[in-house]
Amino acid sequence: AGGFITLLPPGKDSVLVDADEETGDYEILSEVEDTLTPADFPTVDRRGRREQGPRMITVRNKAKGDFVLKQQNYKCQVEPSHISFITPAEVPYMEKHHLISMRFYEEFEKDLDDISNIVSLCPTCHKQIHLGRKEEVGKILDILYVKQKNALNSAGLTISIDELKRK
């Protein structure tokens, strides 16, 4: 299936609910307005989780991830030369990844679904983070941590590289 979704204006929730980050489906890219800036996605306090059937899920704002992909020029943040196919939206296919996994949502006062905690990854690097050997995952996390550390700290998502690797 192809097409676009319409985003709600900044300040409204355009919500994506994904119960399983590691195996979740990757939906079509939404239109991200050129006028949006990081100020349109302020850091907020953790909002908690919602019940969906027998499990608790974390509510996410799809527009945040789409904004990050666009802001990072649809390039893999591990290695910008990594390529992917071109989507119907005429951009390279990249995947959104929460550097600090949403699994640890309750351990932080701030919402982990924050643009400082989302990175653009090629499908191979994304799968390697979730399924790769510990040593290789560590190398990827080192690269991403250096790029995101200041933004994470500014958003109140303070974490050391050692703690990130343990999680």
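Author: The model shown here is a predicted one, and its protein chain holds four helices and five strands. Read from the N terminus on, these elements follow one another in the order β-β-β-α-β-β-α-α-α. The protein chain has 167 residues, of which 42% count as buried, and it exposes about 9,400 Å², with carbon and sulfur atoms supplying 52% of that area.

Two packed helices are described by the angle between their axes together with the distance between the axes. Here the pair consists of helix 2, which covers residues 123-131, and helix 3, which covers residues 134-154; they pack at an angle of about 120 degrees, and their axes are 8 Å apart. Because of that angle, helix 2 is oblique to helix 3, since an angle has to lie within 65 to 115 degrees to count as roughly perpendicular and over 145 to count as roughly antiparallel. As for handedness, helix 2 passes helix 3 in a left-handed crossing. On the side of helix 2 the contact is made by Cys-125, Gln-128 and Ile-129, while helix 3 contributes Glu-136, Val-137, Ile-140 and Leu-144. Sorted by class, the residues in this contact of helix 2 with helix 3 are five nonpolar, one polar and one charged.

Helix 3 also contains Asn-150, a residue that is exposed because its relative accessible area is 60%, and the cut-off for exposed is over 50%. Asn-150 and Ser-116 are 34 residues apart along the chain, and their C-alpha atoms are separated by 8.8 Å.

Glu-95 lies in strand 4, which spans residues 95-98, and Glu-95 counts as buried because its relative accessibility is 5%, where buried means under 20%. Glu-95 and Asp-66 are 29 residues apart in sequence, and from C-alpha to C-alpha they are 9.3 Å apart in space. To return to the part you asked about, the picture is one of helix 2 and helix 3 packed at about 120 degrees, with a left-handed crossing and with Ile-129 of helix 2 and Ile-140 of helix 3 among the residues that make the contact.

Note on methods
Residues are numbered from 1 along each chain as its sequence is written. This is a predicted model: local features need pLDDT of at least 70, side-chain atom pairs count only at pLDDT 80 or more; totals for chains, interfaces and linings use all residues. Side-chain values use heavy atoms; hydrogens and water are left out. Helices (H or I, at least four residues) and strands (E, at least two) are DSSP runs, numbered from the N terminus. Buried means under 20% relative accessible area, exposed over 50%, partly exposed in between (1.4 Å probe, protein chains only). Accessible areas come from the Shrake-Rupley method with a 1.4 Å probe; for residues, only the protein chains shown count as cover. Axes are lines fitted to C-alpha atoms, for helices over the stretch in contact, and angles run from 0 to 180 degrees between N-to-C directions. Angles under 35 degrees count as roughly parallel, over 145 as roughly antiparallel, 65 to 115 as roughly perpendicular and the rest as oblique. A crossing is left-handed if the near helix is turned anticlockwise from the far one by less than a right angle, and right-handed if clockwise. Contact means heavy atoms within 4.5 Å. Ala, Val, Leu, Ile, Met, Phe, Trp, Tyr, Cys and Pro count as nonpolar, Asp, Glu, Lys and Arg as charged, and the others, Gly among them, as polar.
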